[in-house]
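Hello,

The structure you asked about follows below, with the sequence. My notes on it come after.

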Amino acid sequence: MTDPTSRPWRDLTDPRRAEATDRLEAGLKEPEFENLEIPEELGTVQVVIDDHKIKRYAFTHDDHSSWHLTGSPFEGKRIGHAALLGNDLVQLFTLVYAASQVVGYHTEEQMWFDSPAALDEVVTLHGTYTEAYRRRGEGYVVMEATATGEDGRSVVRHRGVEILKTTPGAIGGRGSALPERRVTGEVPKDARVVDTLGSDARVGDVLAPLHKTVTAEQAAVFSRVGEYVRNIHNDIDVARAGGLRVPIVQGQQQFGVLAQLLTLRSGPAFLTSGWLRVKFLAPLKVFEPFTSTGVITAVTPVDDGLRIDLEVWVRRDTDNRLITAGWAAVTVPAS
């Protein structure tokens, strides 16, 4: 097991950090399905929610909300975005496996949002590979991870599924992660479009959409180009070696856009009671415009308000193809 205390985490600021990254990867395991040990502890690291981290994420998602840059409803503090720690949690495997050897494919992501992380808070991340299996000739691995605040509270919880090593161009778009509860992404033409999920929410309401385009620069920064990690999201040569014409947007980055949409529509409640699970159905190239939205499927009174369940999705604007689909829930005040 790698000693996490000896390994800097997102803090290789020396100009020689490319060489430092190579040294850090020396002795780590090759990311091969046969090398998995289930259950496998991936280790524990601490991450500082500093100004740079928040602003970097704001750039990658084009999400410059005042909550993150000036002050929020949470005691007036600046806070991190809902899915700010998502990629850090996914990347916990790099404590044990050599990241530069990975050509993987994220198929499913799920997070529970329990509380926001505040500016300059030190958050502790811990992850474990809990399950591994083969399907359709590919080796899948399941990671469960947590992010805990300085006071011991849960910030977010994570469960992700990934094909450990594959050729993305060969599997992208073949429906390798079809949802078991099918999300069609279709809504009635006369459905009510809502900007806010509140006490008047009703089944069939459609979320006002969020339109985005992720540039190559945004995808590269989100996918660790600043740490000299090369992958199918930030390097065109690696992408083409993986059977892709250009880099594709990381699934976790799309997940962050859906988290942004749900935060915009449900307010602070999503950061304390939100849940989001998605499956990635087809790749999204950099510079391809897309739209995210969702529809309410249930409204249920609970002790602390109304639980709203939704189906959510992302469509490519170029061909209207459903590329990401999933489910979400949030509890909002009853009045």
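Strand β5 gives the most to the lining of the second largest cavity, with four residues. Please keep in mind that this is a predicted model, and that the values here are computed from it. β5 covers residues 154-163. Along with β4 (138-148), it belongs to the elements that each supply at least two residues of this lining.

In total, twelve residues line the second largest cavity. Those that lie nearest its centre are V90, Y129, V141, M143 and E162. By class, the lining divides into eight nonpolar, three polar and one charged residues. The space inside the second largest cavity comes to about 130 Å³. A search of the whole structure for cavities of 30 Å³ or more finds four.

The other item is a helix pair. Helix α2 runs over residues 51-61 and helix α8 over residues 251-266. How are they placed relative to each other? They pack at an angle of about 95°, and their axes are 10 Å apart. Angles from 65 to 115 degrees count as roughly perpendicular, and α2 and α8 are therefore roughly perpendicular to each other.

Which residues meet where α2 packs on α8? On the α2 side they are Y57, T60 and H61. On the α8 side they are Q253, G256, V257 and Q260. The residues of this contact comprise two nonpolar and five polar, with no charged residue.

Regards

Conventions
Residues numbered from 1 in each chain as written. Predicted model: local features only at pLDDT ≥ 70, side-chain atom pairs only at ≥ 80, totals over all residues. Heavy atoms only, no water. Axes fitted to C-alpha atoms, helices over the stretch in contact; angles between N-to-C directions. Parallel < 35°, antiparallel > 145°, perpendicular 65-115°, else oblique. Contact = heavy atoms within 4.5 Å. Nonpolar A, V, L, I, M, F, W, Y, C, P; charged D, E, K, R; others polar. 1 Å grid on protein atoms, 1.4 Å probe; cavity = no way out; pocket = protein on both sides within 12 Å on 5 of 7 lines; lining within 4 Å. Points joined across faces, edges and corners; volume = space filled by probe spheres on them.
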